[in-house]
Amino acid sequence: MLCHLADLDDGEARGFEVPGLKAKVIVVRREGRVHGWRDLCPHYAGGTPMAWKRDAYLNGARTHLACHAHGAWFDIETGACVQGPCLGKRLTRVPLRLDKDGGIHLDR
Amino acid sequence: MQIIGPDFLVFGVDDVPACHDFLTAYGLDPVGYSPEKGGRYIALDGTGLEIRRRDDPSLPPALKTGNMLRLQVIGVVDEAALSAVEVELSRDRQVLRLADGTLRTQDDQGFELAFQVSIRKPLDLPGEKVNAPYAPGRPVNAVGVTQDMPAKPRTLSHVVLFTPDIDTAVGFYRDRLGFRITDTLTGAGPFLRPQANPDHHTHFFIRTPPYMQGVEHLAFHLGGPTELMLAGSRMMEQGFESFWGPGRHKFGSNWFWYFKSPLGCNVEFDADMDTHDDTWAPREAPMGPEASQAFLLQWRAKWAPGGGPPGGPKG
(Lines give C-alpha, C1' and ligand atoms only; values in the text may rest on other atoms or scores of the structure.)
Protein backbone atom coordinates (compact mmCIF):
# COMPACT_ATOMS: atom_id res chain seq x y z
CA MET A 1 0.00 0.00 0.00
CA LEU A 2 1.28 3.50 -0.83
CA CYS A 3 -0.93 5.39 1.58
CA HIS A 4 -4.47 5.66 2.82
CA LEU A 5 -7.02 7.92 1.16
CA ALA A 6 -7.52 9.61 4.54
CA ASP A 7 -3.84 10.63 4.52
CA LEU A 8 -4.19 12.58 1.28
CA ASP A 9 -6.32 15.73 1.30
CA ASP A 10 -8.10 16.78 -1.86
CA GLY A 11 -5.73 18.92 -3.91
CA GLU A 12 -2.68 17.35 -2.27
CA ALA A 13 0.21 15.37 -3.82
CA ARG A 14 2.73 13.05 -2.20
CA GLY A 15 5.68 11.03 -3.48
CA PHE A 16 6.37 7.42 -2.51
CA GLU A 17 9.46 5.28 -2.88
CA VAL A 18 8.57 1.93 -4.42
CA PRO A 19 11.04 -0.95 -4.19
CA GLY A 20 12.31 -1.78 -7.66
CA LEU A 21 11.41 1.61 -9.19
CA LYS A 22 14.21 4.16 -9.61
CA ALA A 23 11.82 7.09 -9.37
CA LYS A 24 9.12 7.80 -6.83
CA VAL A 25 5.43 7.43 -7.62
CA ILE A 26 3.46 10.67 -7.25
CA VAL A 27 -0.04 10.20 -5.88
CA VAL A 28 -2.26 13.26 -6.33
CA ARG A 29 -5.88 13.60 -5.25
CA ARG A 30 -8.11 16.05 -7.06
CA GLU A 31 -11.87 16.45 -7.09
CA GLY A 32 -12.36 13.08 -5.45
CA ARG A 33 -10.15 11.16 -7.89
CA VAL A 34 -6.68 9.83 -7.24
CA HIS A 35 -4.02 9.81 -9.98
CA GLY A 36 -0.61 8.13 -10.04
CA TRP A 37 2.37 9.47 -12.02
CA ARG A 38 6.04 8.56 -12.24
CA ASP A 39 8.19 11.30 -10.66
CA LEU A 40 10.03 11.78 -13.93
CA CYS A 41 9.87 15.07 -15.84
CA PRO A 42 10.10 14.24 -19.56
CA HIS A 43 12.18 17.36 -20.33
CA TYR A 44 15.44 15.36 -20.38
CA ALA A 45 15.95 11.81 -21.65
CA GLY A 46 15.28 9.30 -18.91
CA GLY A 47 13.39 11.83 -16.82
CA THR A 48 14.33 13.75 -13.67
CA PRO A 49 12.50 14.07 -10.33
CA MET A 50 10.25 17.10 -10.07
CA ALA A 51 9.66 18.28 -6.46
CA TRP A 52 11.61 21.19 -4.92
CA LYS A 53 11.13 19.74 -1.47
CA ARG A 54 9.78 16.43 -0.25
CA ASP A 55 6.18 16.12 -1.60
CA ALA A 56 6.28 19.66 -3.12
CA TYR A 57 4.99 18.65 -6.57
CA LEU A 58 2.27 21.21 -7.20
CA ASN A 59 2.50 24.75 -8.58
CA GLY A 60 1.66 27.67 -6.32
CA ALA A 61 -2.02 27.78 -7.28
CA ARG A 62 -2.25 23.98 -6.79
CA THR A 63 -3.75 23.66 -10.28
CA HIS A 64 -0.94 21.62 -11.91
CA LEU A 65 1.84 19.21 -11.18
CA ALA A 66 5.05 21.15 -11.73
CA CYS A 67 8.67 20.26 -12.37
CA HIS A 68 10.70 22.64 -10.25
CA ALA A 69 13.90 22.25 -12.27
CA HIS A 70 12.68 24.33 -15.22
CA GLY A 71 9.06 25.20 -14.52
CA ALA A 72 7.10 22.68 -16.61
CA TRP A 73 3.41 22.38 -15.71
CA PHE A 74 1.44 19.15 -16.19
CA ASP A 75 -2.30 18.55 -16.26
CA ILE A 76 -3.09 16.55 -13.11
CA GLU A 77 -5.69 14.36 -14.86
CA THR A 78 -3.96 13.68 -18.19
CA GLY A 79 -0.28 14.21 -17.39
CA ALA A 80 0.12 16.41 -20.47
CA CYS A 81 2.68 19.22 -20.26
CA VAL A 82 0.78 22.48 -20.79
CA GLN A 83 3.62 24.96 -20.21
CA GLY A 84 7.39 24.88 -20.16
CA PRO A 85 10.25 22.93 -21.67
CA CYS A 86 8.47 19.62 -22.38
CA LEU A 87 5.42 21.04 -24.13
CA GLY A 88 3.84 18.20 -26.13
CA LYS A 89 5.21 15.49 -23.87
CA ARG A 90 3.49 13.90 -20.91
CA LEU A 91 4.10 12.19 -17.60
CA THR A 92 3.94 8.39 -17.37
CA ARG A 93 0.80 7.19 -15.64
CA VAL A 94 1.03 4.68 -12.80
CA PRO A 95 -2.21 2.66 -12.51
CA LEU A 96 -3.58 2.74 -8.98
CA ARG A 97 -6.13 0.59 -7.20
CA LEU A 98 -8.28 1.68 -4.27
CA ASP A 99 -9.23 -1.10 -1.85
CA LYS A 100 -12.51 -1.18 0.05
CA ASP A 101 -10.89 0.34 3.12
CA GLY A 102 -9.48 3.33 1.24
CA GLY A 103 -5.95 1.97 0.85
CA ILE A 104 -4.17 3.22 -2.32
CA HIS A 105 -2.10 0.53 -4.08
CA LEU A 106 -0.12 0.15 -7.28
CA ASP A 107 -2.39 -1.77 -9.68
CA ARG A 108 0.06 -4.38 -10.92
CA MET B 1 31.85 48.60 -21.23
CA GLN B 2 32.77 48.42 -17.55
CA ILE B 3 30.04 45.96 -16.55
CA ILE B 4 30.50 43.78 -13.45
CA GLY B 5 27.54 41.41 -13.69
CA PRO B 6 24.09 40.82 -12.21
CA ASP B 7 23.46 42.67 -8.93
CA PHE B 8 19.88 41.41 -8.66
CA LEU B 9 17.48 39.08 -10.40
CA VAL B 10 13.78 39.86 -10.00
CA PHE B 11 11.13 37.12 -10.12
CA GLY B 12 7.33 37.16 -10.28
CA VAL B 13 6.31 33.88 -8.64
CA ASP B 14 3.10 32.04 -7.87
CA ASP B 15 4.09 30.87 -4.37
CA VAL B 16 5.83 33.60 -2.37
CA PRO B 17 6.00 31.72 0.98
CA ALA B 18 7.52 28.67 -0.74
CA CYS B 19 10.23 30.88 -2.28
CA HIS B 20 10.85 32.40 1.15
CA ASP B 21 11.30 28.93 2.69
CA PHE B 22 13.64 27.89 -0.08
CA LEU B 23 15.81 31.00 -0.27
CA THR B 24 16.26 31.36 3.49
CA ALA B 25 17.28 27.68 3.70
CA TYR B 26 19.67 28.37 0.80
CA GLY B 27 21.32 30.96 3.03
CA LEU B 28 20.17 34.34 1.71
CA ASP B 29 19.01 36.93 4.24
CA PRO B 30 15.41 38.12 3.79
CA VAL B 31 14.77 41.88 3.79
CA GLY B 32 11.28 43.37 3.95
CA TYR B 33 9.53 40.03 3.48
CA SER B 34 5.80 39.59 3.74
CA PRO B 35 3.82 36.57 2.48
CA GLU B 36 1.58 38.94 0.49
CA LYS B 37 4.26 41.03 -1.23
CA GLY B 38 7.48 39.00 -1.16
CA GLY B 39 10.84 40.51 -0.34
CA ARG B 40 14.50 40.74 -1.16
CA TYR B 41 17.01 37.97 -0.44
CA ILE B 42 20.52 39.21 0.08
CA ALA B 43 23.95 37.58 -0.16
CA LEU B 44 26.84 38.77 1.99
CA ASP B 45 28.00 41.43 -0.50
CA GLY B 46 24.53 42.95 -1.00
CA THR B 47 23.67 41.25 -4.31
CA GLY B 48 20.62 39.02 -4.38
CA LEU B 49 17.16 38.14 -5.59
CA GLU B 50 13.88 40.01 -5.42
CA ILE B 51 10.74 37.87 -5.14
CA ARG B 52 7.33 39.36 -5.94
CA ARG B 53 3.93 37.91 -6.77
CA ARG B 54 3.42 37.09 -10.41
CA ASP B 55 0.63 39.70 -10.61
CA ASP B 56 2.57 42.46 -8.81
CA PRO B 57 1.88 45.58 -10.90
CA SER B 58 5.33 47.03 -10.17
CA LEU B 59 7.03 44.27 -12.17
CA PRO B 60 8.00 44.53 -15.83
CA PRO B 61 5.89 42.39 -18.18
CA ALA B 62 6.28 38.60 -17.94
CA LEU B 63 7.79 36.50 -20.70
CA LYS B 64 5.12 34.73 -22.73
CA THR B 65 6.53 31.36 -21.73
CA GLY B 66 5.40 31.49 -18.10
CA ASN B 67 9.01 31.67 -16.91
CA MET B 68 9.18 33.63 -13.67
CA LEU B 69 12.29 35.78 -14.36
CA ARG B 70 11.11 39.38 -14.77
CA LEU B 71 14.24 41.52 -14.68
CA GLN B 72 18.03 41.33 -14.55
CA VAL B 73 19.58 44.25 -12.70
CA ILE B 74 23.14 44.52 -13.98
CA GLY B 75 25.80 46.36 -12.03
CA VAL B 76 28.44 48.58 -13.64
CA VAL B 77 31.54 50.12 -12.05
CA ASP B 78 30.54 53.81 -11.97
CA GLU B 79 28.39 56.60 -13.42
CA ALA B 80 30.63 56.92 -16.46
CA ALA B 81 30.10 53.24 -17.21
CA LEU B 82 26.35 53.67 -16.78
CA SER B 83 26.37 56.59 -19.23
CA ALA B 84 28.35 54.50 -21.70
CA VAL B 85 25.67 51.78 -21.57
CA GLU B 86 22.96 54.42 -21.96
CA VAL B 87 24.61 55.99 -25.01
CA GLU B 88 25.30 52.65 -26.69
CA LEU B 89 21.85 51.15 -26.19
CA SER B 90 19.98 54.38 -26.95
CA ARG B 91 21.23 54.10 -30.52
CA ASP B 92 18.51 51.60 -31.38
CA ARG B 93 16.04 51.26 -28.50
CA GLN B 94 14.29 53.14 -25.76
CA VAL B 95 16.39 53.40 -22.61
CA LEU B 96 14.59 54.91 -19.63
CA ARG B 97 16.51 56.75 -16.93
CA LEU B 98 14.49 56.20 -13.73
CA ALA B 99 14.34 58.65 -10.81
CA ASP B 100 16.87 56.58 -8.85
CA GLY B 101 19.33 56.82 -11.74
CA THR B 102 18.77 53.24 -12.92
CA LEU B 103 18.54 52.50 -16.64
CA ARG B 104 15.73 50.31 -17.92
CA THR B 105 15.55 48.65 -21.32
CA GLN B 106 15.26 45.26 -23.06
CA ASP B 107 17.73 43.05 -24.84
CA ASP B 108 17.04 41.90 -28.40
CA GLN B 109 14.96 38.92 -27.32
CA GLY B 110 12.66 40.58 -24.81
CA PHE B 111 14.58 39.92 -21.59
CA GLU B 112 13.99 42.95 -19.36
CA LEU B 113 17.18 44.66 -18.18
CA ALA B 114 18.13 47.33 -15.69
CA PHE B 115 21.59 48.82 -15.26
CA GLN B 116 22.87 50.55 -12.13
CA VAL B 117 26.13 51.51 -10.46
CA SER B 118 26.79 48.22 -8.70
CA ILE B 119 25.66 47.92 -5.08
CA ARG B 120 28.26 45.22 -4.34
CA LYS B 121 30.10 45.78 -1.06
CA PRO B 122 33.56 44.16 -1.23
CA LEU B 123 33.93 41.46 1.41
CA ASP B 124 36.79 41.13 3.85
CA LEU B 125 36.39 37.36 4.21
CA PRO B 126 39.05 34.75 3.53
CA GLY B 127 38.41 32.06 0.96
CA GLU B 128 38.84 28.40 1.74
CA LYS B 129 42.47 27.50 2.45
CA VAL B 130 43.79 24.04 1.64
CA ASN B 131 46.79 22.32 3.20
CA ALA B 132 48.84 20.34 0.70
CA PRO B 133 52.18 18.56 1.32
CA TYR B 134 54.95 21.18 1.52
CA ALA B 135 52.35 23.83 0.71
CA PRO B 136 50.26 24.60 3.80
CA GLY B 137 47.31 26.88 3.13
CA ARG B 138 46.21 27.30 6.75
CA PRO B 139 48.14 28.35 9.84
CA VAL B 140 49.04 25.55 12.25
CA ASN B 141 46.20 24.59 14.59
CA ALA B 142 43.60 26.10 12.25
CA VAL B 143 40.98 23.40 11.56
CA GLY B 144 39.52 23.00 8.08
CA VAL B 145 35.91 22.20 8.93
CA THR B 146 33.45 22.42 11.78
CA GLN B 147 29.91 21.11 11.61
CA ASP B 148 28.29 24.48 12.22
CA MET B 149 30.65 26.75 10.26
CA PRO B 150 29.00 29.41 8.09
CA ALA B 151 28.29 28.44 4.50
CA LYS B 152 26.42 31.44 3.14
CA PRO B 153 26.16 32.73 -0.42
CA ARG B 154 28.72 35.51 -0.78
CA THR B 155 27.75 37.07 -4.09
CA LEU B 156 25.42 36.54 -7.05
CA SER B 157 27.60 34.69 -9.55
CA HIS B 158 25.75 34.01 -12.76
CA VAL B 159 22.49 33.56 -14.61
CA VAL B 160 21.86 31.00 -17.34
CA LEU B 161 19.21 31.75 -19.91
CA PHE B 162 17.20 29.54 -22.24
CA THR B 163 17.63 31.57 -25.39
CA PRO B 164 15.83 31.04 -28.70
CA ASP B 165 18.55 32.69 -30.79
CA ILE B 166 22.18 32.45 -29.68
CA ASP B 167 23.45 34.69 -32.49
CA THR B 168 21.09 37.45 -31.41
CA ALA B 169 22.10 37.02 -27.78
CA VAL B 170 25.82 37.16 -28.63
CA GLY B 171 25.18 40.13 -30.90
CA PHE B 172 23.77 42.01 -27.95
CA TYR B 173 25.89 40.97 -24.98
CA ARG B 174 29.23 40.67 -26.80
CA ASP B 175 28.97 43.19 -29.61
CA ARG B 176 26.94 45.89 -27.83
CA LEU B 177 27.87 45.45 -24.16
CA GLY B 178 31.42 44.21 -24.63
CA PHE B 179 31.12 40.82 -22.89
CA ARG B 180 33.88 38.31 -23.76
CA ILE B 181 33.12 34.72 -24.74
CA THR B 182 35.27 32.54 -22.47
CA ASP B 183 34.26 29.07 -23.71
CA THR B 184 31.49 27.43 -25.73
CA LEU B 185 29.60 24.19 -25.28
CA THR B 186 28.59 23.45 -28.86
CA GLY B 187 24.99 22.34 -29.04
CA ALA B 188 24.18 24.50 -26.03
CA GLY B 189 25.89 27.89 -26.25
CA PRO B 190 28.57 30.30 -25.03
CA PHE B 191 29.79 31.35 -21.58
CA LEU B 192 30.30 35.10 -21.27
CA ARG B 193 32.01 37.42 -18.83
CA PRO B 194 31.67 41.19 -18.74
CA GLN B 195 34.83 43.30 -18.98
CA ALA B 196 34.89 44.47 -15.36
CA ASN B 197 34.61 40.95 -13.91
CA PRO B 198 37.30 38.27 -14.25
CA ASP B 199 34.90 35.40 -13.40
CA HIS B 200 34.70 32.74 -16.11
CA HIS B 201 31.06 33.56 -16.64
CA THR B 202 28.26 35.75 -15.40
CA HIS B 203 26.03 34.58 -18.27
CA PHE B 204 25.63 31.33 -20.16
CA PHE B 205 23.14 30.88 -22.99
CA ILE B 206 21.46 27.60 -23.88
CA ARG B 207 19.79 27.33 -27.26
CA THR B 208 16.12 26.30 -26.91
CA PRO B 209 12.81 26.63 -28.76
CA PRO B 210 11.02 29.95 -28.17
CA TYR B 211 8.43 28.36 -25.85
CA MET B 212 11.22 27.74 -23.30
CA GLN B 213 12.67 31.25 -23.13
CA GLY B 214 13.60 32.22 -19.59
CA VAL B 215 16.04 31.53 -16.80
CA GLU B 216 17.49 28.02 -16.65
CA HIS B 217 19.36 28.51 -13.39
CA LEU B 218 21.11 31.09 -11.25
CA ALA B 219 24.03 30.67 -8.91
CA PHE B 220 25.71 32.35 -5.96
CA HIS B 221 29.39 31.91 -5.10
CA LEU B 222 30.34 30.36 -1.76
CA GLY B 223 33.72 30.63 -0.07
CA GLY B 224 35.02 27.27 -1.26
CA PRO B 225 34.19 23.62 -1.90
CA THR B 226 33.81 22.79 1.80
CA GLU B 227 31.22 25.53 2.24
CA LEU B 228 29.45 24.26 -0.88
CA MET B 229 29.34 20.69 0.43
CA LEU B 230 28.08 21.86 3.83
CA ALA B 231 25.45 24.19 2.39
CA GLY B 232 24.12 21.51 0.02
CA SER B 233 24.15 18.83 2.72
CA ARG B 234 22.14 21.10 5.00
CA MET B 235 19.57 21.52 2.22
CA MET B 236 19.36 17.75 1.71
CA GLU B 237 18.94 17.13 5.44
CA GLN B 238 15.96 19.51 5.42
CA GLY B 239 14.23 17.66 2.58
CA PHE B 240 15.12 19.97 -0.31
CA GLU B 241 15.74 18.16 -3.57
CA SER B 242 18.99 18.13 -5.52
CA PHE B 243 18.83 18.39 -9.30
CA TRP B 244 22.51 17.87 -10.17
CA GLY B 245 25.61 17.56 -8.08
CA PRO B 246 27.71 17.95 -6.12
CA GLY B 247 30.40 17.94 -8.77
CA ARG B 248 32.95 20.13 -10.50
CA HIS B 249 32.42 21.67 -13.91
CA LYS B 250 35.18 21.65 -16.51
CA PHE B 251 34.53 25.02 -18.17
CA GLY B 252 35.00 27.49 -15.32
CA SER B 253 36.29 24.78 -12.93
CA ASN B 254 33.54 25.74 -10.50
CA TRP B 255 32.23 23.25 -7.99
CA PHE B 256 28.46 22.96 -8.42
CA TRP B 257 25.36 21.71 -6.66
CA TYR B 258 21.97 22.52 -8.19
CA PHE B 259 18.64 22.45 -6.35
CA LYS B 260 15.15 22.58 -7.80
CA SER B 261 13.19 25.55 -6.52
CA PRO B 262 9.76 27.20 -6.44
CA LEU B 263 11.27 29.97 -8.60
CA GLY B 264 10.67 27.64 -11.56
CA CYS B 265 14.39 27.23 -12.19
CA ASN B 266 17.34 25.54 -10.58
CA VAL B 267 19.31 27.45 -7.96
CA GLU B 268 22.99 26.52 -7.74
CA PHE B 269 25.68 26.71 -5.11
CA ASP B 270 28.98 27.50 -6.84
CA ALA B 271 32.56 27.75 -5.58
CA ASP B 272 36.10 28.28 -6.85
CA MET B 273 35.38 29.47 -10.38
CA ASP B 274 38.30 30.24 -12.72
CA THR B 275 39.07 33.85 -13.56
CA HIS B 276 40.23 35.13 -16.92
CA ASP B 277 41.48 38.17 -18.77
CA ASP B 278 41.57 39.10 -22.42
CA THR B 279 44.65 36.92 -23.07
CA TRP B 280 42.46 33.82 -22.55
CA ALA B 281 41.88 31.69 -25.66
CA PRO B 282 38.28 30.39 -25.64
CA ARG B 283 37.78 26.63 -25.74
CA GLU B 284 35.02 24.65 -27.35
CA ALA B 285 33.60 21.21 -26.55
CA PRO B 286 30.41 19.38 -27.49
CA MET B 287 27.70 19.65 -24.83
CA GLY B 288 27.27 16.39 -22.95
CA PRO B 289 28.13 14.58 -19.71
CA GLU B 290 31.87 14.41 -20.50
CA ALA B 291 32.28 18.14 -21.16
CA SER B 292 29.94 19.20 -18.37
CA GLN B 293 31.90 17.98 -15.38
CA ALA B 294 35.21 16.57 -14.20
CA PHE B 295 33.32 14.38 -11.74
CA LEU B 296 29.80 13.98 -10.36
CA LEU B 297 28.84 12.72 -6.91
CA GLN B 298 25.60 12.01 -5.14
CA TRP B 299 24.68 12.94 -1.58
CA ARG B 300 23.76 10.31 0.99
CA ALA B 301 22.82 10.46 4.67
CA LYS B 302 25.71 10.32 7.11
CA TRP B 303 27.09 6.84 7.68
CA ALA B 304 30.17 5.34 9.29
CA PRO B 305 31.73 1.94 9.20
CA GLY B 306 31.42 0.27 12.54
CA GLY B 307 29.60 -2.34 14.53
CA GLY B 308 32.29 -4.94 13.96
CA PRO B 309 32.12 -8.03 11.73
CA PRO B 310 28.87 -10.00 11.61
CA GLY B 311 28.50 -11.86 14.86
CA GLY B 312 31.34 -9.91 16.46
CA PRO B 313 31.21 -7.45 19.32
CA LYS B 314 29.47 -4.12 18.77
CA GLY B 315 31.53 -1.01 18.37
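In which sense do strand β10 and β17(B) of chain B pair, and over how many bridges? In this predicted model, β10 (residues 180-186) and β17(B) run in the parallel sense, with four bridges between them. Within that pairing, D183(B) sits opposite R283(B) of β17(B).

Chain B has an open sheet of ten strands with mixed pairing, and the order reads β17-β10-β11-β12-β9-β13-β16-β15-β14-β18. At the edges stand β17 (283-286) and β18 (295-296) of chain B; each has a single partner strand, so one side of each goes without a neighbour in the sheet.

Helices come next. Helix α1 (residues 16-26) of chain B lies across β13 (214-221), β15 (255-259) and β16 (266-271), and its direction is at about 10 degrees to β16(B). Helix α4 (residues 225-237) of chain B packs on the sheet as well, touching β14 (242-248), β15 and β16. The angle between α4 and β15(B) comes to about 15 degrees.

Then there are the charged side chains. Side chains of opposite charge can pair when their charged atoms come close. Over all chains, the count is 26 salt bridges. One of them joins D29(B) and K152(B), at 3.0 Å from N to O. This pair links distant parts of the chain, 123 residues apart: D29(B) is in strand β2 (residues 29-34), whereas K152(B) is in the loop between β8 (112-117) and β9 (155-163). D29(B) counts as partly exposed because its relative accessibility is 35%, and K152(B) is partly exposed at 28%.

E88(B) and R176(B) also meet in a salt bridge, at 2.5 Å from N to O. E88(B) lies in helix α2 (residues 79-90) and R176(B) in the loop between α3 (166-173) and β10, so the bridge ties together parts that are 88 residues apart in sequence.

R248(B) belongs to strand β14 and D272(B) to the loop between β16 and β17, with 24 residues separating them. R248(B) counts as partly exposed, at 21% relative accessibility, and so does D272(B), at 43%.

Finally, shared partners join several salt bridges into one network, made up of E88(B), R91(B), D92(B), R93(B), D108(B) and R176(B).

Methods. Residues numbered from 1 in each chain as written. Chains lettered and ligands numbered in written order. Predicted model: local features only at pLDDT ≥ 70, side-chain atom pairs only at ≥ 80, totals over all residues. Heavy atoms only, no water. Pairing = 2+ DSSP bridges. Helix = DSSP H or I, 4+ residues; strand = E, 2+ residues; numbered from the N terminus. Contact = heavy atoms within 4.5 Å. Axes fitted to C-alpha atoms, helices over the stretch in contact; angles between N-to-C directions. Salt bridge = Lys/Arg side-chain N within 4 Å of Asp/Glu carboxyl O. Buried < 20%, exposed > 50% of the residue type's maximum accessible area, 1.4 Å probe, protein only.
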